[in-house]
Amino acid sequence: MAEPVVRIPDAKVALSTASVYPESTATAFEIAARLGYDGVEVMVWTDPVSQDIEALRRLSDYHQIPILAVHAPCLLITQRVWSTDPWVKLQRARSAAEKLGASTVVVHPPFRWQRQYARDFVTGIWRMANETDVRFAVENMYPWRYRDREMLAYAPDWDVTKDDYRHFTIDLSHASTARADAMQLLDRMGDRLGHVHLADGRGSAKDEHLVPGRGNQPCGELLERLARSGFDGHVVIEVNTRRAMSSAEREADLAEALAFSRLHLASALRVAGS
């Protein structure tokens, strides 16, 4: 008789350093190592350590945990991090990824007021992707909402599947905020999906980044589909733990997120017995 076995796909589960905010980048490495994550994604932001390649290398070596991805500084609060020129930011993110052994640079589409950058963004990302083995994975975003008003803050579009990119990052919290169907986004990304930001949401106008399983997004279903398709990119836990009342509560949330991911990535297969 064929026996059921558990197959863990090649996808690694990493912790975004943003998930420990307001604690430090260094704390994220410590927690990821202690909980058994496969690696980290470094969010480059105002923490000086996140911007320092040698400091990041030392953290990786000390905790024996690899850096799998670098998130370029694309947020409003990082407009002056690594230059005010968005292309210089991406060049530095690529250089950091290459030096640290990370396979992926995560990048947001431009803000609409970055007109020249937005106009050249699609062709520019292709040009940079052709110059390196590092994946530039462009992330789906969302319209900004206030009461009954909606503002399209990103260009060419918050829905990155409307444009031609070599690789995508799917973020389920962003899909929730956009009130988009995450599984349809996944279908449109197809085999160009290179990276996953796993977090939940309830459709709020604010980007929630809940622990997977605490919202209404198809986090488990998406992971199971990735497992069946042999997805070999990275699944990154990018959740908001700012409301944690203690370090222990934050760590418990991150342990729960890791367990959720591993559970749904494990798929039962039947194979012929010897």
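## Tyr 142 and its neighbours

Leaving aside residues up to four places away in sequence, Tyr 142 touches Tyr 154, Trp 158, His 174, Thr 177, Ala 178 and Asp 207. This structure is a predicted model. Tyr 142 sits in the loop between β6 and β7, the latter covering residues 144–146.

Is Tyr 142 buried or exposed? Its relative accessible area is 12%, and because the cut-off for buried is under 20%, Tyr 142 counts as buried. Tyr 142 and Ala 205 are 63 residues apart along the chain, while their C-alpha atoms are separated by 9.3 Å.

Which strands pair with β9? Strand β6 (residues 135–139) runs parallel to β9 and is joined to it by 3 bridges. Within this pairing, Val 138 stands opposite Phe 168. Strand β10 (residues 193–198) also pairs with β9 in the parallel sense, over 4 bridges.

## Strand β11 and its partners

Strand β10 pairs with β11 as well, in the parallel sense and over 4 bridges. Val 196 faces Val 235 in β11 across this pairing. Strand β2 (residues 12–16) is another parallel partner of β11, again with 4 bridges. The bridge partner of Leu 15 in β11 is Ile 237.

Strand β11 itself covers residues 234–237. His 234 and Val 236 point one way, Val 235 and Ile 237 point the other way, and all are buried.

## Strands β4 and β5

Strand β4 (residues 67–71) and β5 run parallel and are joined by 3 bridges. Ala 69 stands opposite Thr 104 in β5.

In β5, which covers residues 104–107, Thr 104 and Val 106 point one way and Val 105 and Val 107 the other. All of these residues are buried.

Rolling a probe the size of a water molecule over the atoms shows where empty space is left. The largest pocket has a volume of about 770 Å³. It is lined by 24 residues, and those nearest its centre are Met 43, Leu 75, Asp 207, His 209 and Arg 242. The lining of this largest pocket divides into 14 nonpolar, 6 polar and 4 charged residues. Asp 207, listed here, is also one of the residues that Tyr 142 touches.

The second largest pocket has a volume of about 350 Å³. Of the 13 residues that line the second largest pocket, Glu 208, His 209, Leu 210, Asn 240 and Arg 243 are the closest to its centre. Its lining is made up of 2 nonpolar, 4 polar and 7 charged residues. His 209 is named near the centre of the largest pocket and near that of the second largest pocket.

## Confidence in the model

The chain averages a pLDDT of 92, and 94% of the residues score at least 70. Where does pLDDT stay under 50? This is the case over residues 268–274, for which the model has 13 contacts beyond four places in sequence. Where pLDDT is low, the predicted coordinates should not be read in detail.

Note on methods:
Residues are numbered from 1 along each chain as its sequence is written. This is a predicted model: local features need pLDDT of at least 70, side-chain atom pairs count only at pLDDT 80 or more; totals for chains, interfaces and linings use all residues. Side-chain values use heavy atoms; hydrogens and water are left out. On a 1 Å grid over the protein atoms alone, a cavity is a set of points where a 1.4 Å probe fits but cannot get out, and a pocket is an open set with protein on both sides within 12 Å along at least five of seven lines; lining residues have an atom within 4 Å of a point. Grid points are joined across faces, edges and corners, and a volume is the space filled by probe spheres set on the points. Ala, Val, Leu, Ile, Met, Phe, Trp, Tyr, Cys and Pro count as nonpolar, Asp, Glu, Lys and Arg as charged, and the others, Gly among them, as polar. pLDDT is the predictor's confidence in each residue, from 0 to 100. Contact means heavy atoms within 4.5 Å. Buried means under 20% relative accessible area, exposed over 50%, partly exposed in between (1.4 Å probe, protein chains only). Helices (H or I, at least four residues) and strands (E, at least two) are DSSP runs, numbered from the N terminus. Two strands pair if DSSP finds at least two bridges between them.
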